[in-house]
Amino acid sequence: MIRRFILTLMAAALLLPQLSFGQELKVMSYNVGQWGYMNNNEALQKNIVNKYKADAVGLQEFKTGDMANAIFADYTAYAPHGSKSGVAFAYNNYPASNLSIVKFNSQNPDDQTNYNEYRYYTRADVNVNGKVVTIINTHLTLGLNDYHWNQMAELLEAANQCEYAVLTGDFNIG
């Protein structure tokens, strides 16, 4: 039930820029899965990203370096976070600004013990017809525990500070 609510909320957020601004903003969230359980083929990853021609891409489990440069060669820029959670943001057709990486206040000690990582979210403002849309991307901690729900609350608080916000990420809810 919670999963359905969040997916509905995300779908509404994705439609909001088109309905409000009369112009489409295509946003994609993609868990690349480069931490050992998915194909790390550079051409395959680039084809997946380019197939949808998204204006903005929120990435999770994404390594930086040559593969990232190849995948986003057609994009204006990308700004990754270097931790294993690999949260990154890429933008193409719209001017983006105020890119920032924010460490969650709520951190699951198991993430540091088992994965040697902290959890973050990345955000950027994208200008669509003079309106600022903030895209927030993350990879939440595993498990539906207090850390997870506190991180979600921090995300929603960040989104509530924006006039228009789109959340992307691997929310680890199911």
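This is a predicted model: local features need pLDDT of at least 70, side-chain atom pairs count only at pLDDT 80 or more; totals for chains, interfaces and linings use all residues.
Helices and strands, for their part, are DSSP runs numbered from the N terminus, where a helix (H or I) has at least four residues and a strand (E) at least two. Residues are numbered from 1 along each chain as its sequence is written, and side-chain values use heavy atoms, with hydrogens and water left out.

Let me begin with the whole chain. There are five helices and eight strands in it, and along the sequence they follow the pattern α-β-α-β-α-β-β-β-α-β-β-α-β. Of the 174 residues in the chain, 47% are buried. If we take contact to mean heavy atoms within 4.5 Å, then residues 24 or more positions apart account for 62% of the contacts with a separation of 6 or more.

Now to the strands, where I would like to start at the end of the numbering. How many of the seven residues of strand 8 are buried? Seven of the seven residues in strand 8, which runs over residues 164-170, are buried, so this strand is largely enclosed by the rest of the structure. In a regular strand the side chains alternate between the two faces of the sheet. In strand 8, Tyr164, Val166, Thr168 and Asp170 lie on one side and Ala165, Leu167 and Gly169 on the other, and both faces are covered. Two strands are said to pair if DSSP finds at least two bridges between them; strand 7 (residues 131-139) pairs with strand 8 in the parallel sense over seven bridges, and histidine 139 stands opposite aspartate 170.

Strand 1 and strand 2 pair in the parallel sense over five bridges, with tyrosine 30 opposite leucine 59.

Serine 29 links these parts of the story. This serine sits in strand 1 (residues 27-31) and counts as partly exposed because its relative accessibility is 32%. Which residues does serine 29 contact, leaving aside its neighbours within four places in sequence? They are Gly58, Gln60, Asn137, Thr168 and Gly169. Serine 29 and glycine 58 are 29 residues apart in sequence, yet their C-alpha atoms are 4.7 Å apart in space. A polar contact is a pair of N or O atoms within 3.5 Å, where, within protein, one must be able to donate a hydrogen and the other to accept it, and where residues adjacent in sequence count only if both atoms are side-chain atoms. Such a contact, of 3.3 Å, joins the side chains of serine 29 and glutamine 60, and a polar atom of the serine 29 side chain also lies 3.0 Å from the backbone nitrogen of glycine 169.

Let me move on to helix 5. Its buried residues are His148, Gln151, Met152, Glu154, Leu155, Ala158 and Ala159. These residues cover an arc of only 155° around the axis, which puts them on the same side of helix 5, the arc being that of the directions from the helix axis to the C-beta atoms. On the other side of the helix, Asp146 and Asn160 are exposed. Glutamine 151, in helix 5, counts as buried because its relative accessibility is 0%. Not counting residues up to four places away in sequence, glutamine 151 touches Phe104, Ser106, Gln107, Arg119, Leu140 and Thr141.

Asparagine 98, in strand 5, has a positive phi of about 55° although it is not a glycine. Asparagine 129, in the loop between strand 6 (120-128) and strand 7, has a phi near 50°, again a positive value in a residue other than glycine.

Technical notes: Buried means under 20% relative accessible area, exposed over 50%, partly exposed in between (1.4 Å probe, protein chains only).
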